[in-house]
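Please have the coordinates open.

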Amino acid sequence: MPIRLLSALAFLAVSSSAAPIKALIIDGQNNHNWRLTTPVLRKILEDTGLFTVDVATSPPKGEDMSSFHPRFQAYKVVISNYSDFGGGGIWPPSTQQAFEDYVRRGGGFVTVHAADNAFPMWLEYNRIIGVGGWGGRTEKSGPMLRFRNGAIVRDTTPGPGGHHGKPHPYQVTTRDPNHPIMKGLPPVWMHARDELYDSLRGPAENVHVLATAFSDKSTGGTGEHEPALMTISYGKGRVFHTILGHDVDAIRCAGFIVTFARGAEWAATGKVTQSVPPDFPTKDQVSSRQ
Ligand code: ZN
C-alpha cells in the first residue's frame, strides 16, 4: 500500500475516536499522604479510557519553590492534590498568575479534599475553589454555605473556617439531580469512612452545590447539611470541588471514584459521557473497589 494512503488511513483511525482529555495532577506538598493517593487518582481517570494523565510534583516542603512552573495551559483539566498546609508552599507569583489565567480563559480545575485547605491568603485561588478551610480562615474569608429548608444559605456567623468531626461513613445527598455530574446517581448514597468537612468559608461566588452531607453532632459535627460536591464558575473556567477523599480508603469508594471522574470530565468539557456503574453505593451500603 502506498505510504500516502497508509498515513491517510492512520489519520482517519485517530480522528474517528474522540481525542483523550489531557489531565494534570498537582502534588508534592500536602498534610495528607499524596504519595499514596495521587497514583489512585491517576488510575481512576485512566480507567475511564477518557484521560491521559501527567503529574507535576512540586519541590518538598521548605525548599525553594521558584522553579515550580507546571504548564497548566497544555491541559484540559488540572486536578489539585496539593496543599501548603502550615505555609511555606505558596507557588511563585508567576505560577499563581498562570494558574488564574488558565482557569479564567476556560481551563478545568478539580480540587480534592485538602486542596481546599491551600493558600488561605491567595484571594483568586479562594474565588476559584469557592470555599476552603483551616490556615487561619475566619469570617473575614467569607461566609459558610449551608443547606437549610430546601435552599443554600450564606451563613456569616463569626468563627473559624474549616473543621471536621470523627471520620465515619456518611450519606451524600444530591441537591441537583439534573446536573451532568449527578445525572443518574441515586438521590442518597453511603460514602466510605472519610472526614466530613464542615464550616468551610470563602468568597463563595458563583458556587453551585450539587450534593450535601449531614454533619451530625453525634460524630463531632455541626448539625448542618454541609456542601460536599460543588461546581464553581470562574471566568470561562469550570471548577469541580469535592470535599471527599482524605485517604486511600476514602478514594476507593465507588461513589468517590464516579463523582471524581465525572467531575473531571465535566470540568474539562462541560459534558459527562460516563454511565453509572452497577457497584455504585446505595442509600445504606458502602461500596469500595480494590
Ligand atoms: Zn483529611
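Leu 41, Ile 44 and Leu 45 in α2 meet Phe 256, Ile 257, Phe 260, Ala 261 and Ala 264 in α6, with contact meaning heavy atoms within 4.5 Å. The residues of this contact divide into eight nonpolar, no polar and no charged; Ala, Leu, Ile and Phe are among those that count as nonpolar.

This is a predicted model, where local features need pLDDT of at least 70 and side-chain atom pairs pLDDT 80 or more, while totals for chains, interfaces and linings use all residues. Numbering starts from 1 along each chain as its sequence is written, and side-chain values use heavy atoms, without hydrogens and water.

The axes of α2 (residues 34–47) and α6 (residues 254–269), lines fitted to C-alpha atoms over the stretch in contact, come within 10 Å and cross at roughly 70°. That makes the two helices roughly perpendicular, a term covering 65 to 115 degrees.

Now the zinc ion. Its protein donors, meaning N, O and S atoms within 2.8 Å, are His 32 (NE2), His 113 (NE2), Glu 195 (OE) and His 246 (ND1), at 2.0 to 2.1 Å. In sequence, the spacing is H-x80-H-x81-E-x50-H.

How values were computed. Axes fitted to C-alpha atoms, helices over the stretch in contact; angles between N-to-C directions. Helix = DSSP H or I, 4+ residues; strand = E, 2+ residues; numbered from the N terminus. Parallel < 35°, antiparallel > 145°, perpendicular 65-115°, else oblique. Donors = N, O, S within 2.8 Å, 3.2 Å for Na, K, Ca; no water.
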